[in-house]
Structure formats: C-alpha cells, structure tokens
Amino acid sequence: SAPRGTPSVTLDPTGRQALLRVIRRSRHREVPLGELRQRRAPPGARLGVTYLLHDLLGAQLLRSIPTSSGPMLRLAET
C-alpha cells in the first residue's frame, strides 16, 4: 500500500495500444525513436508519448536497437 499523499501512476492501456499499433503498421515493424517522440499523444491517452515509450521499453514490449542514425524501436518477439 502506498503512503497517503503519494501520487499513484496508473497504466495507460489506450496509449500503449495506440503506440504499439503505430509500430505494427510501419513497414518493417520498427520506427526511429526520434520520430515517435515527435508524435502527439494518441487520443484517449492520459500520459505523454515519452512516458508511454519508457513504459513499453520497461515492459519489454519494445526493443531499442542502436543504429548510426539513432535508436530504432522494434517490436519485441514474443
């Protein structure tokens, strides 16, 4: 249980699914990190894109692959 006064962070399944959908619809199921950071938060998402990206990386639903042009985010193999 969290102490009183501590703000709780809840999951944002709408935002998660929207970002995963963007990556699934991309040509090779991978998108440059910079391109995703420039996007607006999906409709219905309560949290920003930066938080959603950290959430998806932490949940190991995305993998970050270093490239010469910057990090590339790819769907994790299940």
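Modeller: A salt bridge here is a side-chain nitrogen of Lys or Arg within 4 Å of a carboxyl oxygen of Asp or Glu. This is a predicted model, where local features need pLDDT of at least 70, side-chain atom pairs count only at pLDDT 80 or more, and totals for chains, interfaces and linings use all residues. Residues are numbered from 1 along each chain as its sequence is written, and side-chain values use heavy atoms, with hydrogens and water left out.

Colleague: What makes Asp55 and Arg16 a salt bridge?

Modeller: Their closest N and O atoms are 2.7 Å apart. The cut-off is within 4 Å, so the pair counts. Asp55 sits in helix H3 (residues 49-58) and Arg16 in helix H1, 39 residues apart. Helices are DSSP runs of H or I with at least four residues; strands are runs of E with at least two; both are numbered from the N terminus.

Colleague: Why is Asp55 called buried?

Modeller: Buried means under 20% relative accessible area, exposed means over 50%, and partly exposed lies in between (1.4 Å probe, protein chains only). Asp55 has 15%, so the word is buried. Arg16, at 19%, is also under the limit and therefore buried.

Colleague: How do you know that Arg74 and Glu30 form a salt bridge?

Modeller: The N to O distance is 2.6 Å. Arg74 lies in strand S3 (residues 72-75) and Glu30 in strand S1, so the pair ties together parts 44 residues apart in sequence. Arg74 has a relative accessible area of 29% and is partly exposed. Glu30 is partly exposed too, with 22%.

Colleague: Why does the pair Arg63 and Glu77 count as a salt bridge?

Modeller: The closest N and O atoms are 4.0 Å apart. The definition asks for within 4 Å, and the pair is counted as a salt bridge. Arg63 is in strand S2 (residues 62-65), and Glu77 is in the segment after S3. By this rule the count comes to three salt bridges.

Colleague: What makes Glu77 exposed?

Modeller: Glu77 has a relative accessible area of 64%, which is over 50%, so the label is exposed. Arg63 has 35% and counts as partly exposed.

Colleague: Why is Ser26 called buried?

Modeller: Its relative accessible area is 17%, under 20%, so Ser26 is buried. Ser26 is found in the loop between H1 and strand S1 (30-32). The side chain of Ser26 reaches the backbone oxygen of Ile23 at 2.6 Å.

Conventions: A polar contact is a pair of N or O atoms within 3.5 Å; within protein, one must be able to donate a hydrogen and the other to accept it, and residues adjacent in sequence count only if both atoms are side-chain atoms.
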